[in-house]
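Let's take a walk through this fold, going from its strands to its helix and loops. Have the sequence and the 3D view open as you read.

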Amino acid sequence: PPFRVVRVTKAPLIDGVVSPNEYNGAVLPLGETPSRDKIQKGPGAARLSHDGKRLYIAVTIPLETPGKIKGTGDWGAADAVEIVLRWHSALPATPHGPTFVLQGFADGRSIQSAAAGAPAEAMTKLQKGIGYAAKTDANSWTAEWSIPLAEAGLNFQPGLTLGFNIGARRLESDDWLVWTGTNRENWRLDGAGRIILD
């Protein structure tokens, strides 16, 4: 079922730390593999909110040996989290918006992938407005985003629906954690989930 994102009046501090009362609403589990098997050990957790102008996302990945986390390297070869989103049309004859693929690494890098075909100009516009931070603690690491809706081509009104997925690469256990397994890449949103901004 779609996941509902609560509207807040105070924006979270984008510092890689999930402080009490920063995010309201339910937790979005990263409890599947890309092939839709259940994660047997240490599923991840995502928290989402918005204020009508920005979408805020914090993703926490459990670790047994945080000291061995690898932040450097390309997607798949480093500890990283991927956010995938696009405007979702409810009308069959109306095309969806471009699919944006945001990747945040444990070393603090925030980049976008063009794998899903988003126009370069749209990606550049969005990237300029993104806030990102990452932090590792005693038993996990957290990636935290502030994503501007207008720069993503999204005109907010209550009930705005987005095709959405989250994926994470965890090197210490050599696994992939996702919200919704697609049996393919995370960014193929036709097989993924949706979020609704209240």
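## Ground rules and an aromatic pair

A residue is called buried here if its relative accessible area is under 20%. Keep in mind that this is a predicted model. Trp145 has a relative accessibility of 0%, so it counts as buried. Tyr132 comes in at 15%, and therefore it is buried as well.

These two residues belong together. The whole structure holds three aromatic pairs, and one of them is made by Tyr132 and Trp145. How far apart are the ring centres of Tyr132 and Trp145, and what is the angle between the planes? The answer is 4.9 Å centre to centre and 55° between the planes, which makes the pair tilted. It links distant parts of the chain, with Tyr132 in strand S8 (residues 131-136) and Trp145 in strand S9 (residues 140-148), 13 residues apart.

## Strand S12 and its neighbours

Now for strand S12 (residues 193-197). Four of its five residues are buried, so the strand is largely enclosed by the rest of the structure. Strand S1 (residues 3-7) pairs with S12 in the parallel sense, over three bridges. Within that pairing, Val5 has Leu197 as its bridge partner.

S10 also pairs with S12, but here the strands run antiparallel and five bridges join them. Leu197 turns up again in this pairing, standing opposite Leu160.

Thr161 sits in strand S10 (residues 160-170). Is Thr161 buried or exposed? Its relative accessibility is 17%, so Thr161 counts as buried. A polar atom of the Thr161 side chain lies 3.1 Å from the backbone oxygen of Gly159.

Leaving aside residues up to four places away in sequence, Thr161 touches Arg86, Trp87, His88, Arg194, Ile195 and Ile196.

## Helix H1: one face in, one face out

Helix H1 covers residues 120-129, and its buried residues are Met123, Leu126 and Gly129. Looking down the helix axis, these buried residues fall within an arc of 130°, so they line one face of H1. Here's the background: an α-helix has 3.6 residues a turn, so residues three or four places apart point the same way.

What do the buried residues of H1 pack against? Their partners are strand S4 (54-62), strand S6 (100-105), strand S7 (110-113), S8 and S9. The other side of H1 has exposed residues, namely Ala120, Glu121, Lys125 and Lys128.

## The S6–S7 hairpin

S6 and S7 run antiparallel and are joined by four bridges. Gly104 has Ser110 in S7 as its bridge partner. The hairpin has four residues between the strands, and Gly108 takes a positive phi near 100° there. For a charge over a ring, check Arg109: it lies over the face of Phe105, at 3.9 Å from the ring centre.

## Pro98 in its loop

Pro98 belongs to the loop between strand S5 (80-87) and S6. Its relative accessibility is 38%, so Pro98 counts as partly exposed. Not counting residues up to four places away in sequence, Pro98 touches Leu85, Arg86, Ala118 and Pro119.

To place Pro98 against another part of the chain, take Val18: the two are 80 residues apart in sequence, and their C-alpha atoms are 29 Å apart in space.

Key: Residues are numbered from 1 along each chain as its sequence is written. This is a predicted model: local features need pLDDT of at least 70, side-chain atom pairs count only at pLDDT 80 or more; totals for chains, interfaces and linings use all residues. Side-chain values use heavy atoms; hydrogens and water are left out. Helices (H or I, at least four residues) and strands (E, at least two) are DSSP runs, numbered from the N terminus. Buried means under 20% relative accessible area, exposed over 50%, partly exposed in between (1.4 Å probe, protein chains only). A polar contact is a pair of N or O atoms within 3.5 Å; within protein, one must be able to donate a hydrogen and the other to accept it, and residues adjacent in sequence count only if both atoms are side-chain atoms. Contact means heavy atoms within 4.5 Å. Rings of Phe, Tyr and Trp (its six-membered ring) pair if their centres lie within 6.5 Å; planes under 30 degrees apart count as stacked, over 60 as edge-to-face and the rest as tilted. A charge sits over a ring if NZ of Lys or CZ of Arg is within 6 Å of the ring centre and within 35 degrees of the ring normal. Two strands pair if DSSP finds at least two bridges between them. The arc is that of the directions from the helix axis to the C-beta atoms.
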